[in-house]
Amino acid sequence: PLLILPAIALVLLTIHIVSDQQPAGLGLAAKASISGLRLSAPAGPRATHARWGGVGQQLQQLLPSNPLNQRSLMLRCQSSGPEASAGSAAAVDEKEEVDKALVAMTNFANRYNRVAGTTYCSDPSIAAVVIKGLAEHKVQLGAPLCPCRHYDDKEAEAQQGFWNCPCVPMRERKECHCMLFLTEDNGFAGDTTSLTPEEVASLISNI
């Protein structure tokens, strides 16, 4: 029974599109025909695909002869199918994971400043952008690979570990290519050693 829901949603969306745009030549009778499209629970995935295709063919017959109107509506119907919904859900899931990683990487950077005796840049947006890049790499690669360098193969670099934050140059010589962790003798060093996740999110909100 759940398989009928996507088809119903498609028809409702189509009715909304048609009623909003009201292309020339599409009268009340055509709208009534769209509203009366027959739907039934299909037996399986192939039947579902066939049913959606059948609905699309019926809609195309009801549209005026203008090919641009036909293509526009058919593309909008296709974009609301199961594949588009799955892609949207995956994007939402990744954003949620990045938001969680952003909190974790902010807390990590604050702790590292205390341990290493370093500070953030006098412009805190620099630190915020770097922390965001680290969070994205943490989700995408499984490791906080330095976001300030070019890599031919990010996955291989993340596994190798040399440039995973804190990178080897930072651990050995306190040299941070990203200017995330700055020593007091650095001309760009600020007084801030700690940022909240909310501050980081606010600093990168317009970037």
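The cut-off for a disulfide here is a pair of cysteine sulfur atoms within 2.5 Å. Cysteine 176 is also buried, at 19% relative accessibility. Buried means under 20% relative accessible area, exposed means over 50%, and partly exposed is in between, with a 1.4 Å probe and protein chains only.

Before I go on, a word on what you're looking at. This is a predicted model, where local features need pLDDT of at least 70 and side-chain atom pairs count only at pLDDT 80 or more, while totals for chains, interfaces and linings use all residues. Residues are numbered from 1 along each chain as its sequence is written, and side-chain values use heavy atoms, with hydrogens and water left out.

So what's the overall picture? The chain has nine helices and zero strands. Those names come from DSSP runs, numbered from the N terminus: helices are H or I with at least four residues, strands are E with at least two. Of the 207 residues in the chain, 35% are buried. Now take contacts, meaning heavy atoms within 4.5 Å. Among those between residues at least 6 apart in sequence, 62% join residues at least 24 apart. The chain exposes about 12,600 Å², and 55% of that comes from carbon and sulfur atoms. Those areas come from the Shrake-Rupley method with a 1.4 Å probe; for residues, only the protein chains shown count as cover.

Back to the cysteines. How many disulfides does a search of the whole structure find? It finds one. As a reminder, a disulfide is a covalent bond between the sulfur atoms of two cysteines. Here the partners are cysteine 148 and cysteine 178, with sulfur atoms 2.1 Å apart. Their link is right-handed, with 125° about the S-S bond. The pair ties together distant parts of the chain, 30 residues apart: cysteine 148 is in the loop between helix H6 (124–141) and helix H7 (154–160), and cysteine 178 is in the loop between helix H8 (168–173) and helix H9 (197–204).

Next, the rings. Rings of Phe, Tyr and Trp (its six-membered ring) pair if their centres lie within 6.5 Å; planes under 30 degrees apart are stacked, over 60 edge-to-face, and the rest tilted. That gives four aromatic pairs. One of them is phenylalanine 108 with tyrosine 112: centres 6.1 Å apart and planes at 40°, so it's tilted. Both sit in helix H5 (residues 82–116), and because they are four residues apart, about one helical turn separates them. Tyrosine 112 also pairs with phenylalanine 181, again tilted, with 4.8 Å between centres and 45° between planes. Phe108, Tyr112 and Phe181 form one aromatic cluster. Phenylalanine 108 and tyrosine 112 are buried, and phenylalanine 181 is buried as well.

Last one: arginine 149 lies over the face of tryptophan 163, 3.8 Å from the ring centre. The rule there is NZ of Lys or CZ of Arg within 6 Å of the ring centre and within 35 degrees of the ring normal.
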